[in-house]
Amino acid sequence: MISRRHFLSIATPALALSGYPVHGFTKEPIEGRIIVIMLQGGMDGLLAIPPIGDDNLFKQRKALVASNPLKLNPLFGIHPNFRNFSKMLKSNEASIVHATSFPYTGRSHFEGQNVAQSGSKLPFSTNTGWLGRAMEFAKITGKALSLDAPLLIRGAPEFDNFYPANIEKTRSPQTALIDLIKETHDGDVMIAIDKLSRGSMSRPSRLRARDPLSLATKAGESMRELNGPRVAVLTIPEFDDHSSIGSTTGHHPELFTLLDNVFYNLKIALKEQWDNTIVLTTTEFGRTVQENGSAGTDHGYGSVGLLAGGLINKSSVVANWPGLASKDLYEKRDLFATIDYRSVCSACIEAAFGLDHDFIIEKVFEDKKIARVYEHIFG
Amino acid sequence: MTKIKLKITLFAILMVFGTQVQAEKNVLCIQKFLTKTVFNPGPSDGAWGKKTETAINQLMSQANNFESQNIKKSDAENICKTLSGNQGSKLHEIGQFKRFPIMITEDIGEIKSLTDFDFNNISISTNVTYKKCVFFIIHPKGFNRALGQLEINNGTLIFKNHKWKVGLGSAGKENLLNEEANLKLTKTGLHGILPHLSYVGEGEVDKPVQYLILGKDYIKPTKPSSLEEGILGSNNYTDGYGTTYNFKIHSCS
């Protein structure tokens, strides 16, 4: 087994020798890994990371606070089901960004997920995803897909892998999606898609369940290889809890446990490559501050982002906390997002791919106003 | 003589005043810098107050990964130089968002996965042997978290082929979450391996065979127990997240 240090010592010169100049790199290209966990349905950030030091939390949502959150600092706690993640926080391998969102306030899953994956301000304004574009600019050709080539990574020049590697027998075959990819890509991408389709269908015996825990481990195992994929996308659905969302226990807390174990499995499976990795969650929007009449919460705005990986140097909660008094809420109902989550995505790209911030926001996100939070997360 | 005294006094007053003006200028420089960050120094009046002191200490602490700072009014000149120099733009960037340190004091304890079980409380003995038994680990909602075959050899459980279910296990999802895995033992008992680390195909036996030593005070039943009773005297086990499962061995022969 080649150690990370040894790998770096031999890989870096090799990269330098291959040496075509790539515009936009702020430093030498680095072999970082990015894993995105898409939390579909809108995660309730206030239940996950409750601002226990804000008195208005308990005035606004008495029933929707876990009875025993772990105290992170005087302002923030964390739901007790995030035990692995809490341990990572304690060992400076994880961080949290709170009161954050992609720039979308329309409260539609369909549009929100599109914005979260495309990185554009307007839904359905582009056919590629922010991560795929970043990979293209960073000249990264190998990657792991979650199972359906989500929009998030469309735009990258080459597909290496599908997880699980069986399109034919997936639970809900995304043939429509493959058709869409065919419509929006040509050339090498199409060749890669065809190759993958044929290859995956020739291995039906390798069909595995598509649960996030298994995918996390399989992705991590592949990504720790010397020439393994450098990007993976996992999906955890069903965060859209309009009723019976839970507090200490319940459906959202069960999902927290699942997410917590996905983080853990990734770390275990990546082994020494964990040091070169950043894992980040995305969600299309947060949920309303107050509970509705069905003990759930509705579509909101600001939420929380969870990050973990060896690229983090010092754990913290990054937040310009807007407050939870009614006057401080977005449209008097939602947590205000004071950090554009694309800043977080940019910082992760900068840390893992070595692209320059100004280059990322201009070329990947096409928005020069996106602030740099690299120092806050990786500094 | 009087003229000389007057000159000295005047000079001294000018010196003090000049120093004070310079000091106020440095404080103002810091305050103006801070007003462009999220660290509120209070009014930009050139006066070193508690708000200014707190704000600049918070900024510099954040910039130094939460190392505590003790910046006083006497440091204003150096700080102003820093803010106006090469590091100014970086500090300005850092000052746009607040970082709150992680100060976890609580012991998080040993992390257990969804499939970890603590078998410390098993109350069984070593003098029992069966060639073939069926076992189940049953979720409180009624579905089988794991099932398979095992052998009991003088109180040692030898796990044969078995299947494990992963994922949330919530109602309606189990059919999507079937996965095969293996069981492992640690010093604290029997554990489900993180399901995806080791796959065991149906009908296959993972290597090596896993063992569980039964407790000394196990009382051998007179006949194989029914599914309802189970073969183990105490058979409820709690995973790392507080879910209590039922471990049953039956149909031994």
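**Close-up 1. R107(A), a partly exposed residue in the loop between β4 and α5 of chain A.** In this predicted model, R107(A) counts as partly exposed because 18 C-beta neighbours lie inside 10 Å, a number that falls between the cut-offs of 12 or fewer for exposed and 20 or more for buried. Although R107(A) is not a glycine, its phi is positive, at about 65 degrees. The loop that holds R107(A) runs between β4 and α5 of chain A, and these two elements are taken up in the views that follow.

**Close-up 2. A99(A), a buried residue with a positive phi in strand β4 of chain A.** A99(A) is placed in strand β4 of chain A, and its phi is positive, at about 55 degrees, even though the residue is not a glycine. This alanine counts as buried because 26 other C-beta atoms lie within 10 Å, where 20 or more are required.

**Close-up 3. Strand β7 of chain A and its pairing with β4(A) and β6(A).** Strand β7, which spans residues 303-308 of chain A, is largely enclosed by the rest of the structure, because six of its six residues are buried. Strand β4 (residues 94-101) of chain A runs antiparallel to β7(A) and is joined to it by six bridges, whereas β6(A), which is also antiparallel to β7(A), is joined to it by two bridges. L307(A) of β7(A) takes part in both pairings, as the bridge partner of S95(A) and as the bridge partner of L280(A).

Close-up 4. The buried residues of α5(A) are G112(A), Q113(A), N114(A), V115(A), A116(A), Q117(A) and S118(A), and they pack against α6 (130-137) and β6 (277-283) of chain A. Just after the helix comes G119(A), which takes a positive phi of about 75 degrees.

**Close-up 5. The largest nonpolar core and the contacts of C348(A).** The largest nonpolar core has 104 residues, and those with the most contacts inside it are I37(A), A134(A), L234(A) and C348(A). Helix α10 (residues 251-270) of chain A provides the largest share of this core, with 10 residues. When its neighbours within four places in sequence are left aside, C348(A) is in contact with I34(A), I278(A) and L280(A). A second, separate core has 18 residues, and L34(B), A55(B), I56(B) and I71(B) are among them.

Close-up 6. Of the contacts in chain A with a separation of 6 or more, 73% are accounted for by residues 24 or more positions apart.

**Close-up 7. S74(B), an exposed residue in a loop of chain B.** S74(B) is found in the loop between α2 (50-63) and α3 (76-84) of chain B. This serine counts as exposed because it has 9 C-beta neighbours inside 10 Å, and the cut-off for exposed is 12 or fewer. S74(B) and K36(B) are 38 residues apart along the chain, and their C-alpha atoms are separated by 23 Å.

How values were computed: Residues numbered from 1 in each chain as written. Chains lettered and ligands numbered in written order. Predicted model: local features only at pLDDT ≥ 70, side-chain atom pairs only at ≥ 80, totals over all residues. Core = buried A, V, L, I, M, F, W, Y, C linked by C-beta atoms within 7 Å. Helix = DSSP H or I, 4+ residues; strand = E, 2+ residues; numbered from the N terminus. Contact = placed C-beta atoms within 7 Å. Pairing = 2+ DSSP bridges.
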